[in-house]
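We will go from one selection to the next and say what to look for at each stop.

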Amino acid sequence: MLKKVIFFDGGGSGIRAKSQSENGKSITKNFAGFTPGELPLVDYLANLIIGFAGEVGGTIDRAVLAVATLPADDKQYGDIAKTVLAKSQITEIWICSDSVSSCAAAIEKDGVVIAAGTGITALAVGRNRSMIHSLAGDGFLIGDEASAYWIGKMALNSALRARDGRGGNQELLDVACKTFGSEPYQLPHSVHQLDRPVHAIAEFAKVVNELAASGNSAALEILNSAADEIVLIATTAKRKCGGDSSFQVALIGGVLAAENLVTKLVGKKLKAHGLSIHASGKSSLDGAGALANLREPGVFAPLIRTFTK
């Protein structure tokens with residue numbers, strides 16, 4: 001075990017940081033999350049790591065950054081690492097997707113972890129942990145089906161269809177107007193002009209879950225579609241990884257909390273494919289901590305960028 005490590009995990013809803021040291025001391029801190037385009041990615045992530053390292057103090061053997069929004073090219077990866085290593089007492093930094101930390105936390109054998117919050121990501125390991133396969137995600141602009149943002153967006157779309165007569169659901173329109181403090185005609189304009197519209201739309205997914213649970217057919221249809229997308233990820237992962245009936249399917253993130261209706265729908269649909277939900281009891285931050293204490297990346301090596309002083 002390394003003497004002192006720090007690790008980060010998160011996405012649009014927030015980034016969590018934690019330190020571990022051989023003397024048992026630990027610091028945990030929460031930072032604001034972000035979605036692509038909201039702020040300068042390289043500067044924000046580098047300064048976040050440097051600032052937390054300064055609070056922890058002393059030489060830090062390794063920092064692991066596992067986040068939903070990753071650099072777009074090698075230069076950005078290098079710029080983050082160069083800045084962090086030059087301005088802190090961190091010796092080594094690993095950068096990867098939060099799908100890697102989620103998988104490290106939740107999958108003990110072969111299986112797939114599906115993490116759904118503001119966005120969604122999934123990573124599978126297979127063939128006796130000798131291979132990995134990444135699925136879904138891709139960001140709110142072109143993907144993220146079944147994420148909180150996607151659920152909220154589909155509900156708002158139904159609301160706006162009800163507003164102008166193209167179908168939709170009137171109750172969703174009424175609730176959306178109340179949630180966003182807007183009149184029907186102004187609703188899309190109000191949403192687009194919010195400081196963090198992607199985050200706000202994702203938060204609306206909680207309302208959609210409540211409406212579905214109370215019997216709203218349109219909200220239930222959206223959650224049912226989200227559950228279908230989750231099951232498609234799971235069954236595709238199993239096929240790609242050569243899995244059998246022991247293939248683990250772990251669900252992580254606010255959308256897939258055990259008490260949520262969409263999670264219950266996923267559980268029922270998985271049974272039809274001979275699968276079930278695997279409960280690990282660990283968070284993606286736990287997974288980032290596990291990565292921080294590895295000797296080497298192992299099966300996750302293709303998805304982790306490593307930099308040293």
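**Before you start**

This is a predicted model, in which local features need pLDDT of at least 70 and side-chain atom pairs count only at pLDDT 80 or more, while totals for chains, interfaces and linings use all residues. Residues are numbered from 1 along each chain as its sequence is written, and side-chain values use heavy atoms, with hydrogens and water left out.

**Stop 1**

Helices (H or I, at least four residues) and strands (E, at least two) are DSSP runs, numbered from the N terminus. Two strands pair if DSSP finds at least two bridges between them.

Begin with the open sheet of six strands, ordered β3-β2-β1-β4-β5-β10, with mixed pairing. At its edges you will find β3 (28-31) and β10, each pairing on one side only. From one strand to the next, the twist averages 15 degrees. Axes here are lines fitted to C-alpha atoms, for helices over the stretch in contact, and angles run from 0 to 180 degrees between N-to-C directions.

Now select residues 4-10, which are strand β1. Is this strand mostly covered or open? Seven of its seven residues are buried, where buried means under 20% relative accessible area, exposed over 50%, and partly exposed in between (1.4 Å probe, protein chains only). In a regular strand the side chains alternate between the two faces of the sheet. In β1, K4, I6, F8 and G10 point one way, and V5, F7 and D9 point the other.

With strand β4 (residues 62-67), β1 pairs in the parallel sense over six bridges, and D9 stands opposite A66.

Then pick helix α2 (residues 74-87): it lies across β5 and β10, at about 35 degrees to β10.

**Stop 2: the four-stranded sheet**

Move to the open sheet β8-β7-β6-β9, where the pairing is again mixed. The edge strands, pairing on one side only, are β8 (131-135) and β9. Neighbouring strands are turned by 15 degrees against each other on average, direction ignored.

Select β7 (residues 120-126) with β8: the two pair in the antiparallel sense over five bridges, and G126 stands opposite M131. In the loop between them sits N128, which has a positive phi of about 60 degrees although it is not a glycine. N128 is exposed, at 73% relative accessible area.

Helix α3 (residues 98-106) lies across β6 (111-116), β7 and β9, running at about 50 degrees to β7.

For another positive phi, go to A146, where the value is near 80 degrees. A146 lies in the loop between β8 and α4, and it is buried, with a relative accessible area of 1%.

**Stop 3: a pocket**

Which residues lie nearest the centre of the second largest pocket? Select K153, L156, V191, H192 and I201, from a lining of 13 residues. On a 1 Å grid over the protein atoms alone, a pocket is an open set of points where a 1.4 Å probe fits, with protein on both sides within 12 Å along at least five of seven lines; lining residues have an atom within 4 Å of a point. The space in this pocket is about 280 Å³, a volume being the space filled by probe spheres set on the grid points, which are joined across faces, edges and corners.

Colour α4 (148-164), α6 (187-192) and α7 (197-213), each of which supplies at least two lining residues. The largest share, five residues, comes from α4.

**Stop 4: two last picks**

Stay in α4 and select S158. S158 is buried, at 11% relative accessible area. Leaving aside neighbours within four places in sequence, S158 is in contact (heavy atoms within 4.5 Å) with G168, N169, L172 and A218.

Finish at P302, in the loop between α10 (284-292) and β10 (305-308). P302 counts as exposed, at 65% relative accessibility.
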